[in-house]
Amino acid sequence: MGQSFGCIKVSQSNVAIKEDFGKFTDVLEPGCHCVPWFFGSKIAGNLSLRINQLDVRCETKTKDNVFVTVVASIQYRALAEKAQDAFYRLSNTRSQIQAYVFDVIRSSVPKLNLDDAFEQKNDVARAVEDQLEQAMSHYGFEIVQTLIVDIEPDRRVKGAMNEINAAARLRVAANEKAEADKILQIKRAEGEAESKYLAGLGVARQRQAIVDGLRESVLEFSANVRGTTAKDVMDMVLVTQYFDTMKEIGASSKSSAVFIPHGPGAVRDIASQIRDGLLQGNSQH
């Protein structure tokens with residue numbers, strides 16, 4: 001009904017382009033306006049002032065000849081003070097922006113290696129934004145923000161990169177495992193050396209205790225029993241040790257059978273052999 005009387009409504013965040021007999025005359029702000037159609041006035045169209053987003057996928061290649069797809073998101077809006085330019089000068093705003101994005105990306109990314117492209121994507125986004133801001137400002141548009149949201153290498157290149165990364169991690173894990181094994185072997189060897197050293201000390205102390213005990217026994221026996229010599233005492237000690245050894249061999253369930261000469265004469269021979277061996281060892285020292 002309002003339009004029949006030449007009244008129109010312009011919504012918030014929009015402007016209306018008014019023409020008189022096909023010529024631009026005014027930009028109408030949000031609210032109610034009188035547009036007398038019977039005097040040749042009309043609304044040519046509405047222009048939104050809201051922020052729009054355009055996602056652009058651009059395929060290009062890097063300096064090391066890897067084809068990638070760069071995904072850029074462009075956020076832009078029309079300026080109210082330049083609504084005439086934004087409405088009349090461009091027939092397809094999105095295609096124009098896309099053309100500028102393609103131009104900048106395909107001139108910037110080929111200068112970078114693949115790894116550098118990932119690291120310097122903010123620099124690429126800044127270059128795209130600067131170029132768009134300079135170009136689109138003449139057409140009444142403002143570039144709010146430009147983002148490089150993704151860089152997608154070829155599927156086979158991505159698989160190769162994952163394999164390289166996995167191999168590097170496996171190599172680090174193998175080195176760490178080898179280092180751990182090395183430390184374990186060193187600690188084990190140190191422990192065995194310490195154990196053998198302590199065992200040697202124990203054996204030496206045991207033998208020293210045996211020698212001290214034999215010496216005290218010989219001296220005490222010689223002092224209490226007249227007419228006996230140290231040789232007689234040692235023969236008796238050897239015979240006692242011989243019978244103790246035979247007893248242990250027979251008592252052990254896991255010992256192997258040992259066949260040795262047995263009898264008083266054999267005991268005398270064993271004592272003589274042990275004594276002669278000790279005397280020979282002493283003479284060599």
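The questions and answers below walk through a predicted model, from its overall make-up to single residues.

Local features need pLDDT of at least 70 and side-chain atom pairs count only at pLDDT 80 or more, while totals for chains, interfaces and linings use all residues. Residues are numbered from 1 along each chain as its sequence is written, and side-chain values use heavy atoms, with hydrogens and water left out.

Q: How many helices and strands are there in the protein?
A: Helices (H or I, at least four residues) and strands (E, at least two) are DSSP runs, numbered from the N terminus. By that reading, the protein has 7 helices and 8 strands.

Q: What share of the residues in the protein is buried?
A: Buried means under 20% relative accessible area, exposed means over 50%, and partly exposed lies in between (1.4 Å probe, protein chains only). The protein has 285 residues, and the buried part of them is 25%.

Q: What share of the accessible surface belongs to carbon and sulfur atoms?
A: Accessible areas come from the Shrake-Rupley method with a 1.4 Å probe, and for residues only the protein chains shown count as cover. The accessible surface of the protein is about 19900 Å². Carbon and sulfur atoms hold 53%.

Q: What is the bridge partner of Val10 in E4?
A: Two strands pair if DSSP finds at least two bridges between them. E1 and strand E4 (residues 31–34) run antiparallel and are joined by 4 bridges. In E4, Val10 has as its partner Gly31.

Q: How many bridges pair E7 with E8?
A: Strand E7 (residues 67–78) and E8 pair in the antiparallel sense. One of the bridges links Val71 to Asp150 in E8. The count of bridges for E7 and E8 is 11.

Q: Which backbone oxygen does the side chain of Ser108 reach?
A: Ser108 belongs to helix H2 (residues 93–108), and it counts as buried because its relative accessibility is 19%. At 2.9 Å, its side chain reaches the backbone oxygen of Val104.

Q: Is Phe21 buried or exposed?
A: Phe21 sits in the loop between E2 and strand E3 (23–28). Its phi is positive, near 55°, in a residue other than glycine. Since its relative accessibility is 70%, Phe21 counts as exposed.

Q: How far apart in sequence are the parts that Glu152 and Arg57 tie together?
A: A salt bridge is a side-chain nitrogen of Lys or Arg within 4 Å of a carboxyl oxygen of Asp or Glu. The whole structure has 5 salt bridges, and one of them joins Glu152 and Arg57 (3.0 Å, N to O). Because Glu152 lies in strand E8 and Arg57 in strand E6, the parts tied together are apart in sequence by 95 residues.

Q: Which residue meets Glu142 in a salt bridge?
A: Glu142 lies in strand E8, and its partner lies in strand E7, so the pair ties together parts that are 65 residues apart in sequence. Glu142 is partly exposed, at 24% relative accessibility. The N to O distance is 2.8 Å, and the partner is Arg77.

Q: Which helix holds both Arg126 and Asp123?
A: The side chains of Arg126 and Asp123 meet in a salt bridge (2.9 Å, N to O). They are 3 residues apart, about one turn of the helix, and that helix is H4.

Methods: Polar contact = N/O pair within 3.5 Å; in protein donor to acceptor, adjacent residues only side chain to side chain.
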